[in-house]
Amino acid sequence: MRTEPNTSSRMTSTHARDQRPHVVIIGGGFAGVCSAKGLAKADVRITLIDRTNHHLFQPLLYQVATAVLNPADITVPIRWLLRHQTNATVIMADVDAIDVAGRTLTLDGGTTTVEWDYLVLASGARHAYFGHPEWEEHAPGLKSIEDALELRRRFLLSFEAAERASAAGERDALLTFVIVGAGPTGVELAGMIPEITTKAMKNDFRRINPADARVILLEGGPRVLPQFPDSLSARAQHDLEALGVTVRVNTAVVSVDDDGVTLASGERILAHTVFWGAGNQASPLARSLGAPLDRAGRVIVEPDLSIFGHEHVFAIGDVAAVTSADGTPVPSVAPAANQMGAHAALGILHDLRGTPRTVFAYVNKGDLATIGRHRAVAAIGRIRLQGNIAWLAWLFIHILYLAGFRNRITVFVQWAYQYFTYQRGVRLITGTTAHRLLKKSRERERQREALRRDTLDAA
């Protein structure tokens, strides 16, 4: 009887005779890398698994989306970060499912099984569309390099198509940019666009004036940057409006399509370019743990960041719902992810030493957001900064936290070039051409015109 060969493999231990505890970390972001580095001197084997080969500095993603930086400026290979850590192995793969009871996980469609003694889930989050996943096609978010390149493509294409548009209404829709969500990502995107349209593109077009572009920032809550103190939130809104951004708070979006957005009030905003920054949803892998989840799909963890009933499993970073000692939620920011990664590693070290684990205590190192040149807000403890000093602090801190000396130098040079020339060095469009975008735009314009005529005839 002939049998088919078994194509799956089992990574019980790539080092079959190695009896050290096997720590598997899922995710090569801030939390996952910090967790791996925290175990650099431990007598363990570490396998870090990520679907990409690079570590991404997410706080500067919006600068890739607005053609300030190249993707390579804010990424480094995960293998390079851990190149000197001999107890760590990096695998590029998709994790399909996690069997907590069996202490195994499967990779790449079940072709590979990995056994573990400790599991650290740091798989991050994606954007949430509040039950409307179909909106993502029309309003991409900003979580990955691929997202940033798609935003950049759509942003630059809009001007190319507007240059060729014949109808005024068509041009207006192409030059209207709607950003949903006024957290740091939304605010920083909205603040960057006017500088590009009024400075960098000033003399590039003949039939349109890029400075005529409208930027509309929509926020469902009562103020922008809700995690900041009221005074800094008000300053941020003032700075955005000074740049020409239309800021609308207490404004909920109920529909997004190719033509624009519909608000809860029934108002329609015609815009061919919509960006999403209104919410997060934890990685679907969180559900594999069988642990309690919050409304955003994040794992509700124990005080030591392990999951309920399974002390050998940790959830950290954006995939975890963590509460500070004072009862406030720990924000989904890079410093928090770094601290969680270090604490998960410390928990494993305590187990290896036979000492009790400690409770995670988040130390808020401050919140910063930039709104454009010489405009920023910062809350660092009781210190409140705004304007030029906050902007300089933002520049310094982001350069400091970038991984890799080459990236720090490259970003500094790019920023200096942009500061003195107002130019964007990476205004590259790939994928869909302006012709195809314009064709779709004209077709929608004809449909609207036909509908107006039918309405008039019926009247």
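A salt bridge is a side-chain nitrogen of Lys or Arg within 4 Å of a carboxyl oxygen of Asp or Glu. The model shown is predicted: local features need pLDDT of at least 70, side-chain atom pairs count only at pLDDT 80 or more, and totals for chains, interfaces and linings use all residues. Residues are numbered from 1 along each chain as its sequence is written, and side-chain values use heavy atoms, with hydrogens and water left out.

**View 1. A salt bridge joins Asp 304 and Arg 357.** The closest N and O atoms of this pair are 3.0 Å apart. Asp 304 lies in the loop between β20 (299–300) and β21 (306–307) and Arg 357 in the loop between α9 (334–353) and β24, so the pair ties together parts that are 53 residues apart in sequence. Helices (H or I, at least four residues) and strands (E, at least two) are DSSP runs, numbered from the N terminus. Both Asp 304 and Arg 357 are buried; buried means under 20% relative accessible area, exposed over 50%, and partly exposed in between (1.4 Å probe, protein chains only).

View 2. Asp 239 is buried at 3% relative accessible area, whereas Arg 235 is partly exposed at 26%.

**View 3. Strands β24, β25 and β26 form an open antiparallel sheet in that order.** Two strands pair if DSSP finds at least two bridges between them. The edge strands, β24 (367–372) and β26 (383–386), each pair on one side only.
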